[in-house]
Amino acid sequence: MRSLDLAVIGLYLVAMPVLGLLLGGRQKSSQDYFVGSRQLPWWAVCFSVVATETSTLTVISVPTVAYLGSFTYLQLAIGYLIGRVVVAFVLLPKYFAGNLVSAYEFLGQRFGAGLQGTASVTFLITRLLADGLRLFATAIPVKVMLAAFGIDLAYWQIVLVLAVLTVIYTYLGGIKAVVWVDAIQMVVYVGGAIVAAVVLAGQLPSDWFGTALEAGKFQLLDFTSSIVTDQYAFLTAVLGGAVFAMASHGADQLMVQRLLACRNVRDSQKALIASGFVVALQFALFLLIGTMLWSFFRGAAPAELGMASKDELFPTFIVNDLPPGLSGLLIAGILAAAMSTLASSLNSLSTSTVSDLYQRLAKRKLDDAAVLRMGKLWTLVWAVVFVVFASMFSSTDNPVVEVGLSIASYTYGALLGAFLLGLLVKRARQADATIAFCATIAVVLVFVFGVQFPDGEGGESSLAFPWYTPLGVLVTLVVGGLLSLRHPAAEPEVEHADKP
């Protein structure tokens, strides 16, 4: 057991809640709690966006992608940047013009409370499945690494500790605490990765770069793979990644909420677009580490190295080959990515629950103090739900983990499609949008689980996941557009008479 590593990890786990409380300050209103009174600097929001979309699996799995393949993963970042630009100039001005705290309030104003509630419930279920299972998956490498230090904890114990520490500053500090701690956590895990790369470089042969280059490890663009089944084919990655980013950063409360915390729409646009460049640099860093690990382990298959999973490559190097103290820093970085995602989920879930559901179901106007109390209460409720859900899993063999980690792709098409339907099809009504929304989720699930395509190598494979969101958007616009033809072309009435 290396006491210095444990001290670093322990210091980090104590420091994050304390810093969150200090930086978050006292929450005087619901606007403070949900959107930080729209006073957060754009660069902090930018870092928060990046940290929120970076899970533990990103930190440990992206190096594995480069180890087993090449830099073609970076094509997704190109698409992500394009999608962010579209959101910045098309959707963000709409949100700021309406002075909204929830992305789905826009749907309520355009179509009515029914669709707003439908979208919000879809978001809540999606986040529970995706981030609840991601929280469990976080415990997997943490358990492996702590076991190497002589500490044997069950998965549920790791999940509980992470959740308790995270909920402290999320409950008391609101979005301000979440954003500032996110920014710090991003510095921790990126800084740790840079240190790991420097240490790793010192242990590689002098010709490692040339050898990796000759082996095609630095290939960036892929124009030869099947665009239907290969997620790293150029068109699939860029186009699919762009539409995915439009959904994840324009129609998902998880991201929209922190963008609405900026001082104005211009700052929000700067935060969103800058985050695209930061994500690309971050991906490049983790891919470089993977390529360096390929040279370090001489390209051996993970199974040949005695690893039970291919994603143990980076954690194994962290535990066995980094000096004491630096191992602790890297593990703290992995915990940082997990806590950032969980904190953001808790805050956005409580916001959507109160703004999109509770206030509408209450059928009465709540004063601001009551809204603030409900926001904090639902933060606790969702924390308990997350812990219980994540603790239901005790094995890494359950295939539902893999489903849960990508489940956002299944519903993003319907969410983004509903927004675009409201913007592009003026005669569309609430019933049209709701039917199209439900039909889209059904169609996407059929393609995900029931349709196979030739993979170009003589076999069959599922549709590449970057296409799920574009498919969903297309179905929503086609179904909703056709249904809207029943109505006159005049501007539709806004169906939110029951809005408090």
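Which ring does the charged end of Arg110 sit over? The ring is that of Phe111, with its centre 4.5 Å from the charged end of Arg110. This is a predicted model.

## Charges over rings

Arg110 and Phe111 make one such arrangement. Lys376 and Tyr171 make another. Here the charged end of Lys376 sits over the ring of Tyr171, and the distance to the ring centre is 5.7 Å.

## Aromatic pairs

A pair of aromatic rings is described by the distance of the centres and the angle of the planes. Rings count as a pair if their centres lie within 6.5 Å. By this rule the structure has 22 aromatic pairs.

Take Tyr67 and Phe297. Their ring centres are 6.5 Å apart, and their planes stand at 65 degrees. Planes over 60 degrees apart count as edge-to-face, so this pair is edge-to-face. Tyr67 belongs to helix α4, residues 56-68. Phe297 lies in the loop between α13 (265-296) and α14 (313-321). The two residues are 230 apart in sequence, so the pair ties together separate parts of the chain. Both Tyr67 and Phe297 are buried.

Now take Tyr104 and Phe419. The centres of their rings are also 6.5 Å apart. Their planes are at 55 degrees, so the pair is tilted. Distant parts of the chain are linked again: Tyr104 is in helix α7 (residues 104-110), while Phe419 is in helix α18 (residues 408-424). The separation is 315 residues. Tyr104 is buried, and Phe419 is buried too.

## An aromatic cluster

Some aromatic residues form a group. One cluster is formed by Tyr73, Tyr80, Tyr232, Phe244, Phe283 and Tyr412.

## A buried serine

Ser120 is in helix α8, which spans residues 113-148. Is Ser120 buried or exposed? Its relative accessibility is 0%, so Ser120 counts as buried. The cut-off for buried is under 20%.

What does Ser120 touch, leaving aside its neighbours within four places in sequence? Its contacts are Tyr104, Ser352, Asp356 and Leu357. Tyr104 is also the ring partner of Phe419.

## A nonpolar surface patch

The surface carries a nonpolar patch of about 740 Å². Its residues are Ile78, Ile82, Val85, Val86, Phe89, Val90, Leu220, Leu221 and Phe223.

Phe89, one of these residues, is found in helix α5, residues 74-90. Its relative accessibility is 53%, so Phe89 counts as exposed. The cut-off for exposed is over 50%. Ser120, by contrast, is buried.

Key:
Residues are numbered from 1 along each chain as its sequence is written. This is a predicted model: local features need pLDDT of at least 70, side-chain atom pairs count only at pLDDT 80 or more; totals for chains, interfaces and linings use all residues. Side-chain values use heavy atoms; hydrogens and water are left out. Rings of Phe, Tyr and Trp (its six-membered ring) pair if their centres lie within 6.5 Å; planes under 30 degrees apart count as stacked, over 60 as edge-to-face and the rest as tilted. Helices (H or I, at least four residues) and strands (E, at least two) are DSSP runs, numbered from the N terminus. Buried means under 20% relative accessible area, exposed over 50%, partly exposed in between (1.4 Å probe, protein chains only). A charge sits over a ring if NZ of Lys or CZ of Arg is within 6 Å of the ring centre and within 35 degrees of the ring normal. Patches are made of residues with over 30% relative accessible area and no salt bridge: like charges are joined within 9 Å, nonpolar side chains (Val, Leu, Ile, Met, Phe, Trp, Tyr) within 5 Å. Accessible areas come from the Shrake-Rupley method with a 1.4 Å probe; for residues, only the protein chains shown count as cover. A salt bridge is a side-chain nitrogen of Lys or Arg within 4 Å of a carboxyl oxygen of Asp or Glu. Contact means heavy atoms within 4.5 Å.
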